Amino acid sequence: MKTVVVGGVAGGASAAARLRRMDEHADIVILERGEYISFANCGLPYHIGEVIKDREKLLVLTPEELKNLLGIEARTQHEVIRINRDDHTVTVKDHRTGTEYLESYDRLVLSPGAAPILPPIPGADLPQVFTLRNIPDMDKIKSFVDEKRPSRAVVVGGGFIGVELAENLQHRGIEVTLIEMLPQVMAPIDYDMAALVHQHMHFKHVRLALGDGVKSIEPSEQGWLKVTLQSDRKVDTEMVILSIGVKPENQLAKDAGLELGPRGTIATNATLQTNDPDIYAIGDAASVEHLLTHEATSLPLAGPASKQGRMVADHIVGRNVRFKGVQGTSIVKVFDITVAATGMNSRQLEQAGIQFKNAIIHASNHAGYYPGAAPMAFKLLFGLDGTIYGAQIVGMEGVDKRIDVIATAIRAGMKVFDLEELELAYAPPFGSSRDPVNIIGFVAGNMLRGDVETIDWNEIAGLDRETNFLLDVRKPEELMIGAIDGAANIPLQGLRDHLNEIPRNKRVVIYCQAGQRGYFAYRLLKQEGFDVVNLNGGFKTYSHAV
Ligand code: FAD
């Protein structure tokens, strides 16, 4: 059996390597349009920033190494330009010689990835305007930075590649302006969590232009670029990197009459076959099932591409496998903080018409009394029956561990009540006897059992003050960092002695700094017969998000 793989990086290389391990006698050919196979796309921004100093470290396997290690032939600079489904061949263009030839297949695996979206704006084709997808793109950007020593750069797009580029350019001493059309960076997380990222990026001197797009890029008389935004604001810069998203490489599939899915991805079934059972599609170019909604979706990330490649190889050798779906687990370093998400965010849940609640906590990564404890903001989205739909965490140390626990819990179909009971590793340098995962489970469980009722930060502004009494239960000295206008301050300590100062004819909207003391006050007042709600995430979430 002969398998031809189109694209030799994350998905394609993984499919080919697994196929060899499963079938020593399989005939496997990788056809790769670019100069490199199996390179570390995810490391590209870090070589530009000289965090990964050695360029060679990004080249995981060369075609020679692949041949020696696995007996797989990988032909670089060989582009598949047509799929001839009737005679099971592909037409290949050898870019080194300019010649074309036919290659036959029994099974064809398409892993052609996704290309950066180029917005149709004047100036996008100027030589100082870049995109980043592969090693040659990275080389171009790095040479420009090394040779021209720019002092200012504009990054367009606040997704994970955009924020990684902002950090890495800043690391090279370049002042960065990041322009994002949405009112927030990092679309996988909710606005109230992204607000923490904005604050950190400001702190790191990245200029953020949110809710604004690029209208045009023009060369200036001094040899710089002038970027004009939709708002007519102008930014002078020496270079621009466009990272506004990716579009699937679907031309081959389209021309071959393969069915397409959402956003032009190649549609697949549960075994990752296209509507032609001899042709599989994986990675950024393919759509697959969403674990939670069961609808077709695309998730352009390395982990799913690699695992899909592995699964396709198993299917080709006749194993009974099925792809269970993607859930959107992602993580990114933004200077000193980590931003991670799994599952669905509020916007996706609303669009899917799924009823949900959210809990926000501000916890420490490990016991507060052990040196180096760092805060994390942790948001959980869950159904009225306790189904865990998603989580988002912004913090420093220990974010990766917590998001992976929730990602695993979602995959295992666990409920928020299970999070309360999870027995997680604890010693003071690593966690707390009640890990943040347990605590968010307690909070969500309390909400579902009716032990606490919460109000979100964005409901505060619209509160009718005639019928709502705002109660701040922090210590007076904490008010120096800010407070909600018109709130009465009665600290939690001593609250029992001041119950007569709280009106019984109004709803009491309690808040503290992070939400926990507010919850303690809630329980006290509720049992004393007051009508109460507690501010979700406390003043910390409110003050960042408003
Ligand atoms: P790719 O890895 O892009 O490979 C597709 C290959 O197919 C390309 O080399 C292309 O040249 C080739 N090709 C296309 N058409 C043809 C054709 N007709 N004939 C022959 N060859 C063809 N993901 C994460 O999970 N975490 C990260 O931190 C992360 N960081 C990233 C940083 C950057 C800068 C970039 C660009 C991506 C990052 N990603 C990250 C995304 C991740 O790299 C992709 O999701 C993953 O590489 C997709 O694998 P793929 O096989 O579908 O496509």
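## A tour by selection

Start by selecting Tyr191, Asp192, Ala195, Leu196 and Gln199 in helix H6, which meet Thr541, His544 and Ala545 in helix H14. Contact here is C-beta to C-beta within 7 Å, with the C-beta atoms placed from the backbone. The residues of this contact are four nonpolar, three polar and one charged. In that count Ala, Val, Leu, Ile, Met, Phe, Trp, Tyr, Cys and Pro are nonpolar, Asp, Glu, Lys and Arg are charged, and the others, Gly among them, are polar.

This is a predicted model: local features need pLDDT of at least 70, side-chain atom pairs count only at pLDDT 80 or more, and totals for chains, interfaces and linings use all residues. Residues are numbered from 1 along each chain as its sequence is written. Helices (H or I, at least four residues) and strands (E, at least two) are DSSP runs, numbered from the N terminus.

Now show H6 (191-203) and H14 (538-545) whole. Their axes come within 8 Å and cross at roughly 75 degrees. That makes H6 roughly perpendicular to H14, a label for angles of 65 to 115 degrees. Axes are lines fitted to C-alpha atoms over the stretch in contact, with angles from 0 to 180 degrees between N-to-C directions.

Next, the ligand. Of the 33 residues around the ligand, Gly7, Val9, Ala10, Gly113 and Gly283 come nearest. A residue is near if its C-beta atom, placed from the backbone, lies within 6 Å. The shell has 17 nonpolar, ten polar and six charged residues. Elements that each supply at least two of its residues include H1 and H8.

Select H1 (10-22). Ten of its 13 residues are buried, so H1 is largely enclosed by the rest of the structure. Buried means 20 or more other C-beta atoms within 10 Å of the residue's own, these atoms being placed from the backbone; 12 or fewer is exposed, and in between is partly exposed. The buried residues of H1 pack against S1, S2, H3 (63-70), S7 and H8.

Move to H8 (302-316). Pro304, Gly309 and Ile316 are among its buried residues. The buried residues of H8 pack against S1 (2-6), H1, S7 (107-110) and S19 (279-281). Just past the helix, click Gly318, whose phi is positive at about 95 degrees.

Finish at His290, in the loop between S20 (286-289) and S21 (296-297). Is His290 buried or exposed? His290 is buried, with 20 other C-beta atoms within 10 Å. Leaving aside neighbours within four places in sequence, His290 contacts Glu295, Thr297, Gly325 and Val326.

Terms used: Contact = placed C-beta atoms within 7 Å. Parallel < 35°, antiparallel > 145°, perpendicular 65-115°, else oblique.
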